[in-house]
Amino acid sequence: MPVNVALIAASDEDAVGHFEDTVARPVNIARPDYEGLLSPELSTALRESHGGDLVPLWGTKRAKNGAGERHWRKLQSGDVAVFTGSGKVTAVATVAVPFENAELASRLWHADPGEPQWQFMYSLRDVRVFDDDYGFINEAAGYSPRNIIQGFTVLEDGDPHRGDIASRVLLALEENLGIVRSSSHDRSAEEVAGLRLSALEVERIVQARAEQGQLRKYLLSGADAVCDLCVRTFPSELLVAAHIKPRSECSDDEKRDFENVAMVACRFGCDELFERGFVSVDAGGTAVLSDDLPSGPARGYALAKIEGNSIARWQERPGTRPHFAWHIKNRFRG
Ligand SMILES: [Zn+2]
């Protein structure tokens, strides 16, 4: 698949500040106020692409004529992003994951409410800083030598007026800056398209969050409650309303069946151990522990606090049993 080239003017005060804040110093997406704004699919894609929680992020505003969004829609994983300012190339990076997220953009870059946000976002890999005149880009692109790179433009091969403009600019970048062109995309076009969240997808995420709130209200309305796995009482804020079978596997009816779809799990290990399949509940309603959990403090905890407990929710609410059965069959590490 051909590689596109994004030309990004980043010379005004805002842009220089943003580059320092969220590209030069990558964003920690594990921060709760950021992570809450990312769908699970997007979090996973970002972590996989960047090998962890630290992700350089950039975004483009919705321009009045729609140009920002139109160009951003051409971006694909593996494209090359060229940052410019004052007649120079200031940085070159590889586009990793494009996604739209106005809320995250507003939190990262603080545009005034009601103003356009830098919502057409993408993460960047292999960021390299330069300080080289960009005349060679104008020449390769067929622009006037005095052209000033402005706004945000994605160059594609097969341009009706300028032919294979992206390939020529890539070659010029290689010759002038020694950038090695990335030969293949990391993700298929379909995968990347799937990450550009549609309005429907956003609605689904909002729905999921609302449901989680209702579930929490149902299970954790009091000041404290009992963890279903370790059977200890904790203040409610240290407990989570955890789906027994993952929400993504539930039918709409199951999702709405608050009495049976979820349980209470503490944040001291039970939620995580269950979620990761190290503990489950067997066909008799007893908590079981996986041999896969290596010896150490985690296994010590599971042995002392969870294994062998008779799970009251399983006993008292037969409607939860099919969900526990799903968990032990599909999640439990045997
Ligand atoms: Zn617990």
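These legends describe close-up views of a predicted model. Local features need pLDDT of at least 70 and side-chain atom pairs count only at pLDDT 80 or more, while totals for chains, interfaces and linings use all residues. Residues are numbered from 1 along each chain as its sequence is written.

**View 1. The open sheet has 6 strands.** Their order is β4-β7-β6-β5-β1-β8, with mixed pairing. Strands (E, at least two residues) and helices (H or I, at least four) are DSSP runs, numbered from the N terminus. Two strands pair if DSSP finds at least two bridges between them. β4 (57-60) and β8 (152-155) are the edge strands, and each pairs on one side only. From one strand to the next, the twist averages 35°. Angles run from 0 to 180 degrees between N-to-C directions, with axes fitted to C-alpha atoms, for helices over the stretch in contact.

**View 2. β4 meets β7 (residues 120-133).** The two strands pair in the antiparallel sense over 4 bridges. Trp-58 has Tyr-122 in β7 as its bridge partner.

**View 3. Helix α3 (residues 40-50) packs on the sheet.** The helix touches β6 (88-100) and β7. Contact means C-beta atoms, placed from the backbone, within 7 Å. The direction of α3 makes about 140° with that of β6.

**View 4. Ser-86 lies in the loop between β5 (80-85) and β6.** Its phi is positive, about 55°, although Ser-86 is not a glycine. Most residues other than glycine have a negative phi. Ser-86 counts as exposed because it has 11 C-beta neighbours inside 10 Å; exposed means 12 or fewer other C-beta atoms, placed from the backbone, within 10 Å, buried means 20 or more, and partly exposed is in between.

Technical notes
Two residues are in contact if their C-beta atoms, placed from the backbone, lie within 7 Å.
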